[in-house]
Structures are given as structure tokens and as C-alpha cells.
Amino acid sequence: MSGAADPLGARLRTYEGRAAAVGGVGKDPVNTPMIRHWCEAMGDTCATYRGPDATAPPTMLQVWTMGGLSGHDGRTGAYDELLALLDESGCTSVVATDCEQEYLRPLRPGDQVTFDAVIESVSGRKSTRLGTGYFVTTRMDVRAGGDLVGTHRFRILKYAPVARVSRARRPRPVVNRDNAGFWEGVAAHRLLVQRCAHCGTLRHPWLPGCNACGGPDWDTVEASGEGTVYSYVVMHHPPSTAFSEPEPEHEHEADSGHGSGGDSGTGAGSPYAVGLIELAEGVRMVSNVVGVPPDKVRIGLPVRVEFRAYEDAGVLPVFRVVGGEG
């Protein structure tokens, strides 16, 4: 694409050949403990990487250049400027696409690694399924004792994400002969828990037999719906409209004569909280935690079940934080 048709691309390409980092020094010399950790993690038992004459696996090349949380000195800022230009143009998302490494000689324990990096190339504007943007390639030259020992090319796509207008369908729960009674209760806005007819142990999820005494006979008790957050996780990626869409049209709070309000901070593709809820009866179940922003969910928060009707998935139980927003 010509510069006239793609003025941003022409501007971005003026950064080609500019240094992204100069005079970088590895935080640690090549060392046998790190080689051993790497080989154990990768399951690599090659004898070349053990013993007094060991060399480092070639694929560890980038390990010796990483700056960790404190980063490296010698960063020029040109790469940051390039990314800032892309951000300003709407290319706010980034995904790593590939890397290439070339090995010129093995690294050995005691080698002190130095490196510098350059912005090698910026593509013209490209349209992908993710969105439209630019491929940016950096090249790092790695040296030891002044000799070039390898190169590392890293390529990203910086792009403007495609607008998603369709909402993903929320999957329906899997209903089988073992758990059908639970879902029948949910449809009637009742939270039913199995109880062993032999030893009286409550259990969830539903099972064909007691996991305490092995008894095959059981009945049910209706849970109060009160509980606490025993554990939780906040889902950020991949963003899913199926699980974080705005409040459904029909919802009912258990043992209450009124509907509940909207969740603070929810929206298409936004994070959502999944909790392991310990019911007052002692059993635990997994469901969404609602009523407060996901980053406000905490272990020990009191919750109460409510039943929501979803167009795609039918009626589902979720747990609203008692006294939360909405």
C-alpha cells in the first residue's frame, strides 16, 4: 500500500532501523541452576546440558536477556513512541504472532550476555479477523564476550479490534438422569440438595450414591439459599458476552417478593466473578457471584441465591452479595 493511501503506515515506517534498546546486559551470567530449572520444566534430559562441560539449551536464548520486574536500562523510547502512535490511531489491541531465533554458538555457564534491539520492520496496513492494524517486528542481537551468539525476532500485531455486535449464546446446563431433580427444582425456584437416606449426609453435586457410606437411596432437602463465598475467580479473558451480558429480563430473588436491580460494572464482554459458594447447610456449589463489581468480591462475603431466566439457558441459580449494589 502506498504512503499516500496509508499515511499512518508511512509515518510508522520512519521508525524502522531505530534502536529500541542499547547496551543491555543480562541480569545474571549464564548459570547451571537456571539451565537445570529450564530442563526440568521442559522435560529435556539431553546430557549436553548437564555436567562440567554443559552448554545452555539454545532455546533459552531469551532467558538471559529478560529484565524481570525491574526491567533494563538502555531503553531508547522509540518503541514506546511507535506503539503510542498506533494507540492514538485506534490500534489499541495487541497480540503476539510469532518469533524467530537464530543460534550462532552455544552459551556456556559463566558467559555474560549483552544485547541491543532494533525496530526491524513495520508492515503496511493489514486486515485480519481480529481487526485492522500493523505487524511490528523487533530484532534483538545477543552477544557474549563481544561475539554475536544469536538473534531473536519478535513480531506483534497492533490492531483496532473488530466491533462485535452479536451476543454469544449462553450454554444450557447438561441435564442427565443423575441431576435432573436438581434442575427441576431450579426451574421451580427451589434449591434442592440430596440427602442420603442411610446416613443423612448432604451432597452436591448430585450423585447416584452417597460418597460417605455408599448408600444408593436418597431424598432431598430444600436449601435456604443463604451462604458465603468460599473461594472465587474473576474471569477476564477471553471476554464473553455469554456470561457477562446485562441483567436478564426476568429474575427473582429467592424467598422475596420483588426483583433485584442491575449489577454494577457488567456489560458485554466485561469481567465476571465465578464463586465456590458454601451454603448454610454445609455443601458447596459453583455459580456466578453478582450484585457487586467483580473486583469487590471477597472470600467470606454473605450471598443469597436468586433465580434468573435466560433466553438461551433457561432458569439458572446465581448468588447475589447480601447488601451489595443494585
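This is a predicted model: local features need pLDDT of at least 70, side-chain atom pairs count only at pLDDT 80 or more; totals for chains, interfaces and linings use all residues.
A polar contact is a pair of N or O atoms within 3.5 Å, and within protein one of the two must be able to donate a hydrogen and the other to accept it.

**The chain as a whole**

- Among contacts between residues at least 6 apart in sequence, 69% join residues that are at least 24 apart.
- The chain exposes about 17500 Å², and carbon and sulfur atoms supply 54% of that area.
- The average pLDDT over the chain is 88, with 89% of the residues scoring at least 70; over residues 247-267, however, the pLDDT is below 50, although this stretch has 48 contacts in the model beyond near neighbours in sequence.

- Most peptide bonds are trans, and most residues other than glycine have a negative phi.

**Helix α3 (residues 78-88)**

- Ala78, Tyr79, Leu82, Leu83, Leu85 and Leu86 are buried in α3; seen down the helix axis, these buried residues fall within an arc of 155°, so they line one face of the helix.
- The cover over the buried residues of α3 includes the helix α1 (7-12) and the strands β1 (19-25), β3 (113-122), β5 (131-144) and β6 (147-161).
- After α3 comes Gly90, whose phi is positive, near 100°.

**Helix α4 (residues 180-187)**

- Phe182, Trp183, Gly185 and Val186 are buried in α4, and, seen down the axis of this helix, they fall within an arc of 155°, so they line one face of α4.
- On the face of α4 turned away from that buried side are the exposed residues Glu184 and Ala187, whereas the buried residues have cover that includes β7, β13, β14 and β15.
- Just after α4, His189 takes a positive phi of about 60° although this residue is not a glycine; His189 lies in the loop between α4 and β7 and, at 32% relative accessibility, counts as partly exposed.

- In soluble globular proteins, nonpolar side chains tend to be buried together.
- The largest nonpolar core has 28 residues, of which Phe182, Leu191, Ile277, Leu279, Val289 and Phe319 touch the most other members; the elements giving two or more residues to this core are α4 (180-187), β7, β12 (272-279), β13 (284-290), β14 (302-310) and β15 (314-321).
- Another core, of 17 residues, lies apart from the largest one, and its members include Tyr79, Leu83, Val122 and Ile156; of these, Tyr79 and Leu83 are among the buried residues of α3.
- Leaving aside its neighbours within four places in sequence, Leu279 is in contact with Leu191, Val193, Ala223, Glu226, Gly227, Met285 and Phe319.

**The loop between α2 and α3**

- Ser70 is found in the loop between α2 (32-42) and α3, where this serine is exposed, with a relative accessible area of 64%, while its side chain makes a polar contact with the side chain of Lys27 at 2.7 Å.
- Asp73 lies in the loop between α2 and α3 and is exposed, with a relative accessible area of 72%; although Asp73 and Gly23 are 50 residues apart along the chain, their C-alpha atoms are separated by 7.9 Å.

Definitions and conventions
Residues are numbered from 1 along each chain as its sequence is written. Side-chain values use heavy atoms; hydrogens and water are left out. Contact means heavy atoms within 4.5 Å. Accessible areas come from the Shrake-Rupley method with a 1.4 Å probe; for residues, only the protein chains shown count as cover. Buried means under 20% relative accessible area, exposed over 50%, partly exposed in between (1.4 Å probe, protein chains only). Helices (H or I, at least four residues) and strands (E, at least two) are DSSP runs, numbered from the N terminus. The arc is that of the directions from the helix axis to the C-beta atoms. A nonpolar core is a set of buried Ala, Val, Leu, Ile, Met, Phe, Trp, Tyr and Cys residues joined through side-chain atoms within 4.5 Å. pLDDT is the predictor's confidence in each residue, from 0 to 100.
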